[in-house]
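This report goes through selected features of one protein model.

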Amino acid sequence: MGTPAPAVATDVLLAHGVGSRQDLPLPFGYALTGAVLALAVSFGVLALRWRQSKLTGAASGRELPGSLGEFADSGELRWALRLFGLAITGFVAWCAVAGPDLAKNPTAGFVYVIFWVGLVPASLLFGPVWRVLNPLRTIHLLVCLALRLDPHDPPFALPRWLGYWPAAVGLASFVWLELCANERDSTGTLTTYFSLYAGANLLGAMAYGQQWFAKCDGFEVFSALIGRLAPLGRREDGAIVLRNPLNNLDSTPEDRGLVAVLGVMLGSTAFDSFTSTTWWYDRTFESNMSPQTLSTIALAVSIGGVTLAFGIASWLAGVLSRRGPAGIATAFSHSLIPIAVGYLIAHYFSLLVFVGQQTVIYASDPMVDGSNLFGTANWTVNYEVVTVGQIATIQVLAIVVGHVLGVFAAHDRSVRLFPTRAAVMGQIPMMVLMVSYTVGGLSLLFSD
């Protein structure tokens with residue numbers, strides 16, 4: 001993989017982002033002003049030129065060519081991916097249980113980088129990939145086959161009031177583990193967490209069937225929401241199709257707890273950026289509380305603050321549009337997906353590029369006994385594959401593009417729900433919110 005460049009230290013790469021204000025191709029103030037102008041211009045153009053809803057959601061899409069479409073939806077491919085997901089999970093579990101609890105154990109890298117961060121580009125390219133790879137789905141299906149039970153005819157119906165709330169709780173528990181827990185990289189900690197997570201979700205699936213995973217498994221919901229920006233989707237008639245990602249986004253199912261899931265995605269990323277600042281380090285050092293307690297409180301405030309801000313903007317949108325606030329937050333929640341994805345890319349891109357390489361190297365020798373299982377143990381991380389300046393540029397572009405796509409999605413939904421004049425008025429609070437998110441996100445990401 002090449003020789004590491006001495007200019008980039010390993011401890012810097014262990015942070016979730018390596019770009020800084022000094023690495024931007026133009027002064028930070030210019031980048032921030034350009035981002036805000038991009039949002040303002042997009043809003044103005046849409047208000048003048050996009051007066052009727054143009055997105056058709058799940059009804060849109062062009063079918064894949066015959067053989068390709070059949071292969072993409074074949075049972076053989078589905079089972080191959082299921083078995084692949086089981087195999088990778090089994091390997092990581094073996095590393096966690098049998099391997100040494102040392103820095104070179106690949107378990108933490110697989111969990112926090114290959115799996116958690118890697119789900120973002122995989123879902124953007126191919127849609128909700130975790131739905132097929134999910135080992136818990138496969139285990140549940142195999143148990144049902146062994147017991148001669150119908151996985152789609154469970155003992156109980158999933159309560160409608162439950163919505164996405166279990167997924168929000170599950171996702172929040174994982175980001176707490178990643179960002180706040182003591183010994184978060186320990187194989188013992190990871191084994192305990194995922195044993196509990198798997199047990200809870202398998203019990204839920206045995207009670208409520210496979211639909212449990214689609215609504216209540218935090219990782220599957222996470223992948224499915226990101227997959228709403230993929231060029232691949234499933235049409236109303238069941239066919240796999242190529243479609244405009246904005247149409248895919250428009251087809252996002254609305255349900256209780258969806259705003260909470262997106263609040264976790266946005267708020268946890270903002271918190272992670274915030275904890276990289278000098279101000280946070282100083283407060284942690286001066287505080288009488290333990291770092292874990294302080295981080296837990298700050299994470300909850302970050303998630304709650306992001307979610308509350310969206311709720312207030314939605315309420316104001318309903319008032320200004322004279323439609324009333326009921327259901328507005330859920331109706332516009334899909335517009336947060338590209339924003340959340342933009343922050344995820346900006347924040348974790350460098351982690352995937354560099355620490356992902358390191359994980360692949362460690363995976364070849366999980367027992368630290370010279371086994372070299374995959375022939376990669378002697379590779380070195382190529383720190384020159386992307387420069388810090390390029391990373392900084394990608395970070396800005398990801399955030400700006402995410403917000404612009406959010407503006408498009410919100411505008412189309414607005415003109416569908418409200419009369420034209422009311423639609424424009426109702427979007428003003430959302431526009432202010434997105435500008436605030438942009439300024440806050442960029443400032444945190446590139447803060448010292």
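## Packing of H18 against H19

The model is predicted. In it, Pro338, Ile339, Gly342, Tyr343, Ile345, Ala346, Phe349, Ser350 and Phe354 of H18 are in contact with Ile391, Ile394, Gln395, Ala398, Ile399, Gly402, His403, Leu405 and Gly406 of H19. Sorted by class, the contact of H18 with H19 comprises 12 nonpolar, six polar and no charged residues.

H18 covers residues 336-363, and its axis lies 7 Å from that of H19 at an angle of about 160°. Because angles over 145 degrees count as roughly antiparallel, H18 is assigned as roughly antiparallel to H19. The crossing of H18 and H19 is right-handed.

## Packing of H6 against H12

On the H6 side the contact involves Leu119, Val120, Ser123 and Leu124, and on the H12 side Phe219, Phe222, Ser223 and Ile226. By class, this contact of H6 with H12 has six nonpolar, two polar and no charged residues.

## Salt bridges

Side chains of opposite charge can pair when their charged atoms come close. How many salt bridges does a search of the whole structure find? The search gives 12.

One of them links Arg235 to Asp237, with the closest N and O atoms 2.8 Å apart. Arg235 is buried, at a relative accessible area of 17%, whereas Asp237 is exposed, with 54% relative accessibility. Another joins Arg283 and Glu286, where the closest N and O atoms are 3.1 Å apart. Arg283 and Glu286 are three residues apart in helix H15 (residues 278-286), a separation of about one helical turn. Arg283 is partly exposed at 26% relative accessibility, and Glu286 is exposed at 52%.

In H19, which spans residues 388-417, Arg416 and Asp412 are four residues apart, or about one helical turn. Their side chains form a salt bridge with an N to O distance of 3.0 Å. Is Asp412 buried or exposed? Asp412 is buried, with a relative accessibility of 0%, while Arg416 is partly exposed at 36%. Salt bridges with shared partners connect Asp250, Glu254, Asp412, Arg413 and Arg416 in one network.

Most residues other than glycine have a negative phi. Which residue in the loop between H9 and H10 is discussed here? Glu183 lies in that loop, between helix H9 (165-179) and helix H10 (187-208). The phi of Glu183 is positive, about 55°, although this residue is not a glycine. Glu183 is exposed, with a relative accessible area of 62%.

Asn372 is placed in the loop between H18 and H19. Asn372 also has a positive phi, near 50°, and is a residue other than glycine. With a relative accessibility of 26%, Asn372 is partly exposed.

Asn247 belongs to helix H13, residues 245-250. Asn247 is buried, at 9% relative accessibility. Which residues does Asn247 contact, leaving aside its neighbours within four places in sequence? They are Leu55, Thr56, Gly57 and Ser60.

Ile428 sits in helix H20, residues 420-445. Ile428 is partly exposed, with a relative accessible area of 36%. In sequence, Ile428 and Phe43 are 385 residues apart, and their C-alpha atoms are 9.1 Å apart in space.

Notes
Residues are numbered from 1 along each chain as its sequence is written. This is a predicted model: local features need pLDDT of at least 70, side-chain atom pairs count only at pLDDT 80 or more; totals for chains, interfaces and linings use all residues. Side-chain values use heavy atoms; hydrogens and water are left out. A salt bridge is a side-chain nitrogen of Lys or Arg within 4 Å of a carboxyl oxygen of Asp or Glu. Buried means under 20% relative accessible area, exposed over 50%, partly exposed in between (1.4 Å probe, protein chains only). Helices (H or I, at least four residues) and strands (E, at least two) are DSSP runs, numbered from the N terminus. Axes are lines fitted to C-alpha atoms, for helices over the stretch in contact, and angles run from 0 to 180 degrees between N-to-C directions. Angles under 35 degrees count as roughly parallel, over 145 as roughly antiparallel, 65 to 115 as roughly perpendicular and the rest as oblique. A crossing is left-handed if the near helix is turned anticlockwise from the far one by less than a right angle, and right-handed if clockwise. Contact means heavy atoms within 4.5 Å. Ala, Val, Leu, Ile, Met, Phe, Trp, Tyr, Cys and Pro count as nonpolar, Asp, Glu, Lys and Arg as charged, and the others, Gly among them, as polar.
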